[in-house]
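Let's walk through this one together, question by question. Have the sequence and the 3D view open as you read.

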Amino acid sequence: MKRYILVLLAVFLTGFSSQAQEKNKEPKVIEVHTLKDFKRYINQDNVHVKLSPGNYQIDAAEKIRFIEITSNNAYYDLRGARFMVDTKLFSRPDLVKSDDGNSMYCAIEISGNHVTLEGLYIETYGDTPGLQSKNKMFNIVGEHVTLKDVEVRTTGSNPWGYGYLYGLGGGDVRKMNGIRVGYPAKNVKLLGCQVHMRAMGHAIFLQGAENTLIENCQVDGLLRTTDAMLAETSGYGFDKKFYAAKGNYIEGTIVAADGKILPGEIISLSEDGIRMYPEYNGHKTKNTTIKNCTVTQMRRGICTGLSTSGDTIIDCVVRDCVATGYNIGNGDTVINSSADAKYGEAFCIPYTNAKNAKVEMTILDSRNGLANTLLAKINGTGHDVVIKTADPKFIPETMAIKLSVWEGYGNFDENAKMHATDIKLDNQTETEVIKFKGTENAKIKSVGPVRAATEAENMVNDANRTKR
């Protein structure tokens with residue numbers, strides 16, 4: 001009897017084990033060798049697809065989202081694959097519009113859930129500008145989507161070579177953005193991705209997404225001096241007689257009050273490296289973590305300040321950005337990160353309604369820069385800020401840390417009451433700290449000198465409110 005029971009138990013366990021193995025069995029790897037065959041699986045669930053390494057041209061499409069991945073529980077292995085996207089597709093008026101109410105054109109959209117796409121290199125070719133400014137390489141709107149080791153290179157914006165001096169989303173400007181993560185996206189991961197911006201636009205940006213992780217990613221753009229622009233003898237700027245779209249301060253660059261482009265300034269040819277928008281159609285952008293990322297030569301490096309949920313930046317490096325290295329906002333936490341101030345302030349907490357940000361910033365070598373003397377600006381309430389550097393020589397003596405200022409990026413309401421209240425600042429550098437009118441209850445520990453702004457400095461500061 002005992003032997004009979006043991007046999008039954010063995011049979012039961014064997015059957016249970018087989019069922020468990022079947023349940024946990026990974027999908028069979030499907031190897032495909034053409035883009036046409038690859039597209040057969042982008043709307044199928046529970047697939048593991050491997051596209052053969054090689055070059056694949058995308059010069060035809062039926063919809064404004066050229067490739068739509070709608071599958072669930074899918075893994076796409078594109079290591080070694082290179083997609084070449086013809087910019088003419090972004091200007092095709094005959095392509096079928098999307099039913100999500102967003103008219104954006106994009107090369108690849110991922111709307112499925114639990115999808116991983118790994119290893120793709122994708123770039124545009126050609127210089128045909130799109131029909132609108134919302135062109136993108138990737139649009140991610142699914143949940144639990146992972147882009148891993150994806151490399152993006154953008155071209156095809158208009159007018160190229162003048163950055164933001166001729167407007168942002170309107171007029172003649174046609175952008176080519178990198179990666180968008182937007183509502184209803186949740187729990188998206190961008191891991192080890194690279195975005196090379198050779199067009200006007202943002203590299204990585206979020207609109208209404210929740211719980212996004214951006215880790216080990218790299219972004220780079222290009223800078224240009226206004227001297228090089230003013231030396232042109234033909235082209236878009238020449239035809240405009242080198243007048244920008246507006247006067248005074250434009251996203252980190254100073255032009256004359258009448259809009260005349262000035263010598264001795266510098267621009268980014270793209271927009272922001274990693275940027276949060278506050279919301280999308282009423283859905284707030286929430287809880288973003290940016291870790292071990294590097295941004296170079298963009299307008300703003302890492303811009304979490306427009307999201308109000310409190311985001312986290314850890315171990316990041318920003319170099320050679322024009323408007324600011326880090327734009328920090330309400331409830332943000334910045335840990336062990338660094339930036340230079342060659343062309344714009346290393347970081348700013350610019351908004352008067354921002355509260356309780358925590359910042360630990362190391363200043364990188366800021367010598368041999370251009371058109372900037374602002375190391376950092378701090379506005380708002382209740383922030384805890386530590387500023388340090390590895391070498392005092394990294395920071396020119398002409399630079400200053402300023403509290404309660406309009407100068408620099410980020411003050412949009414000229415009727416706001418400028419202030420820096422209950423700020424705790426530990427300045428471990430020799431840089432001077434200047435407290436402008438509106439600075440109250442500041443607890444400042446500083447290696448460098450600390451002083452109140454002069455009456456003349458306060459007058460200049462107040463005049464800047466109308467020059468945004």
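Q: How many bridges join strand S39 to S42, and which way do the two run?
A: This is a predicted model, in which local features need pLDDT of at least 70 and side-chain atom pairs count only at pLDDT 80 or more, while totals for chains, interfaces and linings use all residues. Residues are numbered from 1 along each chain as its sequence is written, and side-chain values use heavy atoms, with hydrogens and water left out. Strands here are DSSP runs (E, at least two residues), numbered from the N terminus, and two of them pair if DSSP finds at least two bridges between them. Strand S39 covers residues 420-421, and the link to S42 consists of 2 bridges, with the strands running parallel.

Q: Which residue in S37 is the bridge partner of Met361?
A: Strand S34 (residues 358-363) is joined to strand S32 (residues 333-339) by 5 bridges, and these two run parallel; here Thr333 has Lys358 as its partner in S34. Strand S34 is also joined to strand S37 (residues 384-389), by 6 bridges and again in parallel. The partner of Met361 in S37 is Ile387.

Q: How many residues apart in sequence are the parts that Arg65 and Asp100 tie together?
A: Arg65 and Asp100 form a salt bridge (a side-chain nitrogen of Lys or Arg within 4 Å of a carboxyl oxygen of Asp or Glu), with their closest N and O atoms 3.1 Å apart. Arg65 sits in strand S4 (residues 65-69) and Asp100 in the loop between strand S6 (81-86) and strand S7 (106-110), so the parts they tie together are separated in sequence by 35 residues.

Q: Which residues of the largest nonpolar core touch the most other members?
A: A nonpolar core is a set of buried Ala, Val, Leu, Ile, Met, Phe, Trp, Tyr and Cys residues joined through side-chain atoms within 4.5 Å. The largest one has 101 residues, and strand S33 (residues 345-349) gives the most to this core, with 4 residues. The members that touch the most others are Tyr76, Phe83 and Leu190.

Q: What is the relative accessibility of Thr154?
A: Thr154 belongs to strand S12 (residues 151-154). Leaving aside neighbours within four places in sequence, Thr154 is in contact (heavy atoms within 4.5 Å) with residues including Thr124, Met137, His196 and Arg198. Thr154 counts as buried, because its relative accessibility is 0%.

Methods
Buried means under 20% relative accessible area, exposed over 50%, partly exposed in between (1.4 Å probe, protein chains only).
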